[in-house]
Amino acid sequence: MASILSFLDKGGKARGFLTLYLLNSLKEGPKSGYDILIEIKEKTNGAWMPSKGTVYPLLRHLEKEGFITVKTTGKRSKNIFEITPEGKKELLIMRGEAMDVQGKMMQFRDLISSIFAEEHGGIAKLFFEIRDLLLDVRDISHELQAEKKDELIKILERCLSDLKKVVPMDKLKGGKEI
């Protein structure tokens, strides 16, 4: 069995979250290792950027396994990687495993909430209650049949409209329009 942030490949080998992300990122289009590092930094709002010493060896390993290939070598010998058909198959297998991991993470969500919400009370407790509701909406949306997703979107749009009536747009953090 894979750990909470590991995914099993077709051979039953555990692969880390970063491997899954690299394949997924390259599925979107060819990129250099540096492009992927910057992409991760941006998507985590600067909270995490793996080291070059982690990403580049992993890219070389994925290339040796035939999951990615060097499309071109750019300026200063910068390799631009792309996913192979075999890499796309591997990504699908790992994504299937990821649904099980997502379920495990939802179980840990309750554990984490109980630790922090009780300790901080007040606004922190409200934050965890809201977050839990949003996660429940996400879980339900994954389970909905395709024909019901349009109905869900309409419900969520009405909810957002109602929230905008409660919280004036100029009071949002940074005055950001939603």
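I began with the rule that two strands pair if DSSP finds at least two bridges between them, and I kept in mind that this is a predicted model.

**Sheet**

With that rule I looked up the sheet, and found that 3 strands form an open one in the order E3-E5-E4, with antiparallel pairing. I noted strand E3 (31–32) and strand E4 (68–73) as the edge strands, since each of them pairs on one side only. Between E4 and strand E5 (residues 79–83), which run antiparallel, I found 5 bridges, and within this pairing threonine 69 has glutamate 82 in E5 as its bridge partner. I then looked at what lies against the sheet: helix H1 (residues 17–28) packs on it and touches E3, E4 and E5, its direction making about 95° with that of E5.

**Salt bridges**

I searched the whole structure for salt bridges, and the search gives 5. One of them joins arginine 15 to glutamate 65, where the closest N and O atoms are 2.6 Å apart. I noted that this pair links distant parts of the chain, as arginine 15 is in strand E2 (residues 14–16) and glutamate 65 is in the loop between H3 and E4, 50 residues apart. Arginine 15 counts as buried because its relative accessibility is 7%, whereas glutamate 65, at 29%, counts as partly exposed. I also recorded that Arg15, Glu65 and Glu90 are linked in a network of salt bridges.

Next I looked up glutamate 39, which forms a salt bridge with lysine 31 at 3.0 Å between the closest N and O atoms; both glutamate 39 and lysine 31 are buried.

A further salt bridge joins lysine 165 and aspartate 162, with the closest N and O atoms 3.7 Å apart. These two are 3 residues apart in helix H6 (residues 146–166), so about one helical turn separates them. Lysine 165 is exposed, at 65% relative accessible area, while aspartate 162 is partly exposed, at 43%.

I turned to asparagine 45, which sits in the loop between helix H2 (33–43) and helix H3 (52–64) and is exposed at 73% relative accessibility. Its phi is near 50°, a positive value in a residue other than glycine; I set this beside the general rule that most residues other than glycine have a negative phi. I also checked lysine 41, which is in helix H2 and touches Gly46, Trp48 and Met49, leaving aside residues up to four places away in sequence.

**Surface patch**

Last, I noted a nonpolar patch on the surface formed by Leu126, Ile130 and Leu134, with about 280 Å² of accessible area together. Leucine 134 lies in helix H5 (residues 122–143), and its relative accessibility of 56% makes it count as exposed.

Conventions
Residues numbered from 1 in each chain as written. Predicted model: local features only at pLDDT ≥ 70, side-chain atom pairs only at ≥ 80, totals over all residues. Heavy atoms only, no water. Patch = residues over 30% accessible without salt bridge, like charges linked within 9 Å, V, L, I, M, F, W, Y side chains within 5 Å. Areas by Shrake-Rupley, 256 points an atom, 1.4 Å probe, with all protein chains shown as cover. Salt bridge = Lys/Arg side-chain N within 4 Å of Asp/Glu carboxyl O. Helix = DSSP H or I, 4+ residues; strand = E, 2+ residues; numbered from the N terminus. Buried < 20%, exposed > 50% of the residue type's maximum accessible area, 1.4 Å probe, protein only. Contact = heavy atoms within 4.5 Å. Axes fitted to C-alpha atoms, helices over the stretch in contact; angles between N-to-C directions.
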